[in-house]
Amino acid sequence: MSQFPEAGAKAPPFSLARDGGGTVALKDFQGRKLVLYFYPKANTTGCTKEAIAFNGLKAAFAAADTDILGVSADAVSAQDKFKAKYDLAFPLGSDPDKAMLEAYGVWVEKSMYGRKYMGIERATLLIGRDGKVARTWPKVKVAGHAEEVLKAAQELG
């Protein structure tokens, strides 16, 4: 089980199926900044609020030369529905086999009502133009998060 990457570490490479078909890979964002955020499940309350918050700031992220990629273990069909329902303007990666989620240390043991299970830790990384992790937000709380990430992207230059 991998650890969540630390600032300064090289971002682990990945290639995932994405909404709408095709693939999305870390190398697609080479030379640009990338907000890579992990969410537990499409169309759930917290994940929807987070996606809408990032989507609402898409123009500001673009002005900061920063792309956004959301990743969960949902099937591509679920990502497609989620993206269409909320008119999301950024790609959603699908990792049902959890290889990328494990490489980034976000496939973790969770606990709810005393029951332990494996799931995705809501987390975000800001990856710099050099492919290195510039900033991390483990165990994200949704309120105000997208704005905080935007500020960091703007400051990264």
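**Packing notes**

Author: The structure holds eight aromatic pairs; rings of Phe, Tyr and Trp (its six-membered ring) pair if their centres lie within 6.5 Å, with planes under 30 degrees apart counted as stacked, over 60 as edge-to-face and the rest as tilted. This is a predicted model, where local features need pLDDT of at least 70, side-chain atom pairs count only at pLDDT 80 or more, and totals for chains, interfaces and linings use all residues. Residues are numbered from 1 along each chain as its sequence is written, and side-chain values use heavy atoms, with hydrogens and water left out.

Reader: How is the pair of Phe-38 and Tyr-104 arranged?
Author: That pair is tilted, at 5.5 Å centre to centre with 45 degrees between the planes. Phe-38 is in strand β3 and Tyr-104 in the loop between α4 (99–103) and β6 (107–112), so the pair ties together parts 66 residues apart in sequence. Helices (H or I, at least four residues) and strands (E, at least two) are DSSP runs, numbered from the N terminus.

Reader: Phe-38, buried or exposed?
Author: Phe-38 is buried, at a relative accessible area of 0%, and Tyr-104 is buried at 0% too. Buried means under 20% relative accessible area, exposed over 50%, and partly exposed in between (1.4 Å probe, protein chains only).

Reader: What about Tyr-39 and Phe-82?
Author: Tyr-39 and Phe-82 also form a tilted pair, 5.8 Å centre to centre and 40 degrees between the planes. Tyr-39 lies in the loop between β3 and α1 and Phe-82 in helix α3, so this pair ties together parts 43 residues apart in sequence. Both Tyr-39 and Phe-82 are buried.

Reader: Which ring does Lys-98 lie over?
Author: Lys-98 lies over the face of Trp-107, 4.9 Å from the ring centre. The criterion is NZ of Lys or CZ of Arg within 6 Å of the ring centre and within 35 degrees of the ring normal.

Reader: Switching to α1. Which of its residues are buried?
Author: Cys-47, Thr-48, Glu-50, Ala-51, Phe-54 and Asn-55. Seen down the axis of α1, they fall within an arc of 165 degrees, so they line one face of the helix; the arc is that of the directions from the helix axis to the C-beta atoms. On the other side, Thr-45, Lys-49 and Gly-56 are exposed.

Reader: Why would a helix show a face like that?
Author: An α-helix has 3.6 residues a turn, so residues three or four places apart point the same way.

Reader: And what covers the buried residues of α1?
Author: The cover includes β3 (33–38), α2 (58–63), β4, α3 (76–85), β8 (123–127) and α5 (145–156). Contact here means heavy atoms within 4.5 Å.

Reader: Where is Ser-72?
Author: Ser-72 is in strand β4 (residues 66–72), and is buried with a relative accessible area of 0%.
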